[in-house]
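The sequence and the model come first, and the discussion follows.

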Amino acid sequence: ECTATLLLSDSALESAVRVDVGRIAIDAEEWSGVSGASGVGAELQRAYKEEIEHVFRAPERRPHVTVSLVCSALVAALLLPLLVTWLRIAGSPWSSLRALGVGSMTVLVFVALLGAVVALLVLFWFRLQLGETLLYLSGLAVPTRLAGHRALRAVAAARVAPPRGSLARSLAFCAARCGRTDAFTE
């Protein structure tokens, strides 16, 4: 005859809660005829089981450090033609900032906030956890969006504004906007 006891515990509790569930009567002679359970009566005594040892997988092989550095350098080298192409298409960002005048401050703020987002992603790569990165990114997202909207609005306003200078050039600009290229030419 065995007694069944339920123990409930938690790290917040000082001591375990003990509940007596009941008694169980086991007849050892009844179990002796069952295949695979020979000598169960003797086995009912508490016996230590064998320790289970876990074998971890061998770590995956990684390439040599030199191979990793060469591949990283190749990927970084591909950024240079990309930046050169962007500069050829859009022109120098500094010349367009000078042309913007007052709106250039919003563009500078937007570029600084984008730099902060890139720096945050670099920190995520090396040090931060995903939750921390998302928390900081949520703080940068709204100002970056607002600054980007204002910067793009300033750039669009600067491109639409008539050129400064003589009246003839202004009239030619307005005629070109209306689709009349033959009027007001110098």
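## Terms and basis

Patches are made of residues with over 30% relative accessible area and no salt bridge, where like charges are joined within 9 Å and nonpolar side chains (Val, Leu, Ile, Met, Phe, Trp, Tyr) within 5 Å. A salt bridge is a side-chain nitrogen of Lys or Arg within 4 Å of a carboxyl oxygen of Asp or Glu, and accessible areas come from the Shrake-Rupley method with a 1.4 Å probe, with only the protein chains shown counting as cover for residues.

The model is a predicted one, in which local features need pLDDT of at least 70 and side-chain atom pairs count only at pLDDT 80 or more, whereas totals for chains, interfaces and linings use all residues. Residues are numbered from 1 along each chain as its sequence is written, and side-chain values use heavy atoms, with hydrogens and water left out.

## Overall organisation

The protein has 8 helices and 2 strands, where helices (H or I, at least four residues) and strands (E, at least two) are DSSP runs numbered from the N terminus. Along the sequence these elements follow the pattern β-β-α-α-α-α-α-α-α-α.

Of the 186 residues, 11% count as buried, a class that means under 20% relative accessible area, with exposed meaning over 50% and partly exposed lying in between (1.4 Å probe, protein chains only). The accessible surface comes to about 16,700 Å², and 63% of this area belongs to carbon and sulfur atoms. Among contacts (heavy atoms within 4.5 Å) with a separation of 6 or more, 27% are accounted for by residues 24 or more positions apart.

## The strand pair

Strand β1 (residues 2–8) and β2 run antiparallel and are joined by 7 bridges, pairing being assigned if DSSP finds at least two bridges between two strands. Within this pairing A4 stands opposite G22 in β2. Strand β2 (residues 17–24) is hardly covered, and the count of buried residues among its 8 residues is 0.

T5 lies in strand β1 and is classed as partly exposed because its relative accessible area is 34%. When neighbours within four places in sequence are left aside, T5 is in contact with R18, V19, D20 and V21. T5 and G22 are 17 residues apart along the chain, and their C-alpha atoms are separated by 7.3 Å.

L6, L8, L13, V17, V19 and V21 make a nonpolar surface patch of about 490 Å². Both β1 and β2 supply at least two residues of this patch, and β2 gives the most, with 3 residues. L13 is found in the loop between β1 and β2, and it counts as partly exposed because its relative accessibility is 41%.

## The helical core

In soluble globular proteins, nonpolar side chains tend to be buried together. The largest nonpolar core here has 6 residues, namely L113, V117, L120, L128, L140 and A147; such a core is a set of buried Ala, Val, Leu, Ile, Met, Phe, Trp, Tyr and Cys residues joined through side-chain atoms within 4.5 Å. Helices α6 (104–126) and α7 (130–160) each supply at least two residues of this core, and α6 gives the most to it, with 3 residues. Not counting residues up to four places away in sequence, L140 touches L113, A116, V117 and L120.

T144 lies in helix α7 and counts as buried because its relative accessibility is 11%. Apart from neighbours within four places in sequence, T144 is in contact with F110, L113, L114 and V117. V155 also has its place in helix α7, but V155 is partly exposed, since its relative accessible area is 23%. The C-alpha atoms of V155 and V107, which are 48 residues apart along the chain, are separated by 8.3 Å.
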